Amino acid sequence: MALSKINPTKLSSWKKLIQQFDKENNYHINDFFTGENNRLEKFSINWNNFYVDFSKNRLSNNSFKLLKSLCDETNLKNNIEKYFNGSVINETESRAVLHTALRSLENDEVNITLNKIIKISDEINSAKRLGYSGKKITDVVNIGIGGSHLGPDMVTKALSYYNKGIVPHFISNIDPDFTSKLIEKLNPETTIFIIVSKTFTTIETLENANKIRAWFIDNTSEDYIKDHFICISNNTEAPKKFGVSSENILSIPEWVGGRFSLWGSVGLIISIVIGSDNFKDFLRGANEMDIHFKSSPFEKNIPVVLALISIWYNNFFKYETEAILPYSQFLSKLPDYLQQASMESNGKSIDRNGRKVNYETGSILWGSTGTNAQHAFFQLMHQGTKIIPCDLIAFKESLYGDSAQHEILNSNFLAQSNALMMGKSNSGKNIHKNIDGNKPSNSIVINKLDPFNLGSLIAMYENKIFTIGSILNIYSYDQWGVELGKSIAKQILLGHDEGLDESSKKIRKQL
Ligand code: F6P
């Protein structure tokens, strides 16, 4: 059974939201605190190790109730069931979307792969699996792009505190200089290469893999490819031709989309770097968030609430972007990761009925870490003409126990949401110092940046993305838009520029 195909703008809740928006779009967030009872209690969620405060939004209780009706009118509950039960909800590719099964560990295929992940990472970490000359592995290089890169890169950096002693590297771009520079410092005796490509046809990954393979053979022997190369793919034949031995090929099931694949075999580098016990905790944390998402009432359901707020701003206020602002330098790659997860999923303009949409779909996502971002683009957020709803994310504990410096970090986190909302009136003294405030934010406070909580955080955003797609009646799990550029690049490489426009033909001559 497919997801329901309901145009949200035809629903009575949507129409009422338009009227409600007209009434209250000039209100100050602070007015909601004074004018509504128990705002903080209604507009916050305490769950596991998370405290989510969404009270600092330009959203009244009445609008929030209408947004919840929008969930009901678009059959969100049923759609969530279909997402988790393996229905073919990615209809344009005739696939189920079951990355959530990778963390529920109830599926035999999933468990077989997980056991392989655990075995390989434990053997590397315990020095049972050594390099061809008998030395302990010190470096692991992930060769992959998009979903085969961003998740593992983000998570290994986010959880670098838990690193077991192996250095992770990532080659994604087809830029040959970057790859050449990286191999300069690698020792083939102590390095494992993981080629990650669901299709094993992605040009960036294949070119880089072949370049590394040639370098490896030049410095060692072709016989050792089988000891130093692992391949993660849905395509089993091509990796074998490359020289990877069958026990070093881990599969990616068809029902796992690239940008949601880090929970399975694509996460191998994560498990190697943080250890398999931590990797299992990471999966458990994500699974707990899935259970919360499936079973909580919409008004206390973190992914649903965040999705509704996003739809409210994007479609009614017409705010086009959302910023992700983690107050942890270890989460520096979270905005990049979420850009693909969200924008490749909900950047669509045809609805599930095959019609062009007449409303907004995916927002533009971006961001950086606090406090760095405060010294870069926060000025525009406070005094510019654009309004940028944001998620501010903070952790209660410092990993290394430096509570004094951590307090400075978290004071900044709190100061920003307060300043964004309240601003500061300079009562006519110097108009340039006047800060209007009324800028929205969500505050997400998490106990500690550990594998379990990071798993929950990522699953929270994945389920938010699903909810937005479900309500907005679009297909979130295909990505036909990225295919066009790939095929044109292929034609250019083959020397066919007949199809190019005049400007591109001229640029081609400059290259
Ligand atoms: O950029 C498009 C895309 O298809 C992503 O969705 C995917 O994560 C990436 O390319 C890499 O694909 P593959 O894992 O097949 O090499």
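Which residue has a polar side-chain atom 2.6 Å from an oxygen atom of the ligand, threonine 199 or some other? I started my notebook with that. Threonine 199 does: its polar side-chain atom lies 2.6 Å from a ligand oxygen. I keep in mind that this is a predicted model.

**Entry: the ligand**

I looked up what else surrounds the ligand. I found 14 residues around it. The closest are Gly147, Ser197, Thr199, Thr202 and Glu344. Serine 197 also places a polar side-chain atom 2.6 Å from an oxygen atom of the ligand. Glycine 147 uses its backbone instead: a polar backbone atom there is 2.7 Å from a ligand oxygen.

**Entry: the domains**

Next I looked up how the chain is divided. I noted domain 1 (8-95 + 285-478), domain 2 (104-274) and domain 3 (483-511). I checked the C-alpha centres of domain 1 and domain 2 and found 33 Å between them.

**Entry: where domain 1 touches domain 2**

I then turned to the interface of these two. On the domain 1 side, 27 residues are in contact with 20 residues of domain 2. The two domains bury about 2,100 Å² between them. Of that area, 67% is on carbon and sulfur atoms.

I looked for charged pairs across the interface. The rule finds three salt bridges there. I also looked up one salt bridge by its residues: the side chains of arginine 95 and glutamate 254 meet at 2.7 Å, N to O. For polar contacts between domain 1 and domain 2, I noted 10 residue pairs.

Which helices supply at least two residues each of the side of domain 1 that touches domain 2? I found helix H14 (276-295), helix H16 (334-346) and helix H19 (451-471). H16 gives the largest share, seven residues. By class, I noted 14 nonpolar, five polar and eight charged residues on this side of domain 1.

I looked at the backbone next. Most residues other than glycine have a negative phi, and most peptide bonds are trans. I found an exception of each kind. The peptide bond from glycine 370 to threonine 371 is cis, with omega near 10 degrees. Threonine 371 is in the loop between strand E9 (364-367) and helix H17 (378-383). Leucine 105 has a positive phi, near 55 degrees. I located leucine 105 in the loop between helix H6 (101-104) and helix H7 (108-125).

**Entry: salt bridges in the whole structure**

Last, I looked up the total. How many salt bridges does the structure hold? The structure holds 22. I picked out glutamate 91 and lysine 5, whose side chains meet at 3.1 Å, N to O. This pair links distant parts of the chain, 86 residues apart. Glutamate 91 is in the loop between helix H5 (76-84) and H6, and lysine 5 is in the segment before helix H1 (12-24).

How values were computed. Residues numbered from 1 in each chain as written. Predicted model: local features only at pLDDT ≥ 70, side-chain atom pairs only at ≥ 80, totals over all residues. Heavy atoms only, no water. Domains from an automatic or database assignment. Contact = heavy atoms within 4.5 Å. Buried area = accessible area lost by both parts, 1.4 Å probe. Salt bridge = Lys/Arg side-chain N within 4 Å of Asp/Glu carboxyl O. Polar contact = N/O pair within 3.5 Å; in protein donor to acceptor, adjacent residues only side chain to side chain. Helix = DSSP H or I, 4+ residues; strand = E, 2+ residues; numbered from the N terminus. Nonpolar A, V, L, I, M, F, W, Y, C, P; charged D, E, K, R; others polar. Near = heavy atom within 4 Å.
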